[in-house]
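Me: I would like to learn how to read side-chain features in a model. Please take me through them one at a time.

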Amino acid sequence: RLMDSRATGQSECTVAIVGFGTVGQAVARILKSDLHPTIRLTHICNRDIQRKRVDWIDPDVVWTDSFDSVLASSVDVVVELIGGVSPARSWIERALAAGKSVVTANKQLIAEAGPALLTQASEHQQKLLFEAAVGGGIPVLRGLREGVSGDKLYRIEGILNGTCNYILTRMEAESISFDEALAEAQQLGYAEVDPTADVDGYDAQAKLAILIGVGLKRRVHAPNIPVTSITAVRAIDFVYARKLGYVVRQVARAELIPESTAMHASVQPALVPEPSALGRVGGSQNIVVVDGKFGGETAFSGFGAGGDPTAVAVVSDVISISTKDSLLSEGWLPMSEMPSRVIAEFEAAHYVRFTVNDRPGVIADLAEIFSKHRINVDAVLQEPGWSKSELPFVMTLERCLSSTLKKALSEIEQLNFHVRPPLWLPVLAKGEEVP
């Protein structure tokens with residue numbers, strides 16, 4: 001249905017934007033520019049459309065609150081930007097059935113139903129592309145699918161949530177509290193009014209599930225990837241981390257287990273080496289680092305959040321469809337019905353920060369419990385100048401199984417000197433098999 005453009009002699013691709021929020025408006029601005037003359041915006045669909053109208057959109061664009069009218073039109077590509085699973089899934093299914101290709105930034109939906117939707121796209125001889133679902137403007141999915149397709153990848157790790165990275169790097173730079181950094185992020189538009197999906201790890205969890213499918217060729221059920229919130233991290237943790245040569249980041253990580261269909265995967269705050277690729281990423285930027293059997297380490301980095309970077313990924317997918325340059329839809333994600341088993345158990349060195357009402361024997365009591373569980377204490381760090389009634393100090397532990405540490409901490413938490421629950425962070429060094 002791609003039409004010939006008299007102006008250029010090339011085929012013209014018509015586009016409907018469904019969901020006219022921050023990203024939708026950014027997509028419209030790119031399409032309104034002269035950058036892509038063969039891509040033409042013809043429809044904008046949104047609830048309460050009168051409230052969404054803007055005067056900079058060309059007058060021949062159709063504004064509607066009816067998705068049915070989009071389906072009834074001759075539009076070539078539907079850009080779905082409403083988010084969530086419902087009604088987005090049924091709308092995408094209906095668009096594909098109506099003979100329209102779809103571009104989406106919907107990470108939750110692709111993580112949950114990507115293989116099924118890609119199968120439907122193939123059955124209807126249409127395309128479904130979702131580069132913007134992971135990493136904003138970073139072309140990481142295409143990079144994994146095409147750029148390193150000659151390698152066998154076995155590990156993916158990254159910083160996949162710009163909101164968390166902004167909060168943590170602001171806490172690090174200014175020694176401010178989590179709440180202060182979150183308020184800044186919300187004021188700047190980096191964080192939602194309800195930041196739960198970001199700070200508790202669910203946003204990165206969905207993105208990691210997609211990366212596992214595209215990069216590691218394994219299907220995982222996203223809710224099976226364990227997540228740990230960053231909300232318990234305090235400014236003092238960056239002080240102690242720096243003394244150890246580390247920084248604190250929300251790390252999404254997945255690694256294949258040799259000779260097994262199971263894998264390690266998790267999203268959690270962790271200590272990463274300060275000079276490492278993950279440690280150097282600041283602000284709202286994202287990074288994905290993959291390890292391959294033959295090619296070694298490859299990194300993809302850039303702005304992973306915000307309207308403009310995400311819109312670039314969306315428009316790039318539209319261009320790919322319009323030029324018939326995209327790979328077959330069914331090749332992007334594994335179609336296996338059985339998801340791989342995710343193993344939460346791992347071995348690593350650990351950082352444990354205690355906040356206590358200080359009294360004689362505190363460290364001895366902790367060391368006794370760790371010793372009982374055969375966990376070796378590596379070092380004890382205590383910054384001077386803190387009140388004895390709310391004293392933060394750190395014990396670093398030698399490598400041990402996470403299950404063993406959890407058992408020890410469950411006993412330690414029963415001791416009566418805690419002001420706050422202990423904070424436990426794995427210490428990630430290059431090559432460690434930590435999910």
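Reply: Start with burial. Phe20 and Trp63 are both buried. Buried means under 20% relative accessible area, exposed over 50%, and partly exposed in between, with a 1.4 Å probe and protein chains only. Note the source: this is a predicted model, where local features need pLDDT of at least 70, side-chain atom pairs count only at pLDDT 80 or more, and totals for chains, interfaces and linings use all residues. Residues are numbered from 1 along each chain as its sequence is written, and side-chain values use heavy atoms, with hydrogens and water left out.

Me: How many aromatic pairs does a search of the whole structure find?

Reply: A pair of aromatic rings is described by the distance of the centres and the angle of the planes. Rings of Phe, Tyr and Trp (its six-membered ring) pair if their centres lie within 6.5 Å; planes under 30 degrees apart count as stacked, over 60 as edge-to-face, the rest as tilted. The search finds six pairs. In one of them, Phe20 and Trp56 have ring centres 6.4 Å apart and planes at 35°, so this pair is tilted. Phe20 lies in the loop between strand S2 (11-18) and helix H1 (22-32), and Trp56 in the loop between helix H2 (49-52) and strand S4 (62-64), so the pair ties together parts 36 residues apart in sequence. Helices (H or I, at least four residues) and strands (E, at least two) are DSSP runs, numbered from the N terminus. Phe20 and Trp56 are buried.

Me: Which kind of pair do the rings of Phe20 and Trp63 form?

Reply: Their centres are 5.4 Å apart and their planes at 85°, so the pair is edge-to-face. The pair links distant parts of the chain: Trp63 is in strand S4, 43 residues from Phe20. Phe20, Trp56 and Trp63 form one aromatic cluster.

Me: What sits over the ring of Trp56?

Reply: A charge sits over a ring if NZ of Lys or CZ of Arg is within 6 Å of the ring centre and within 35 degrees of the ring normal. Here the charged end of Arg29 sits over the Trp56 ring, 3.9 Å from its centre.

Me: How many disulfides does the structure hold?

Reply: A disulfide is a pair of cysteine sulfur atoms within 2.5 Å. The structure holds zero. Cys13 is in no disulfide; its nearest cysteine sulfur, that of Cys45, is 17 Å away. Cys13 counts as buried at 1% relative accessibility. Cys164 is buried too, with a relative accessible area of 0%.
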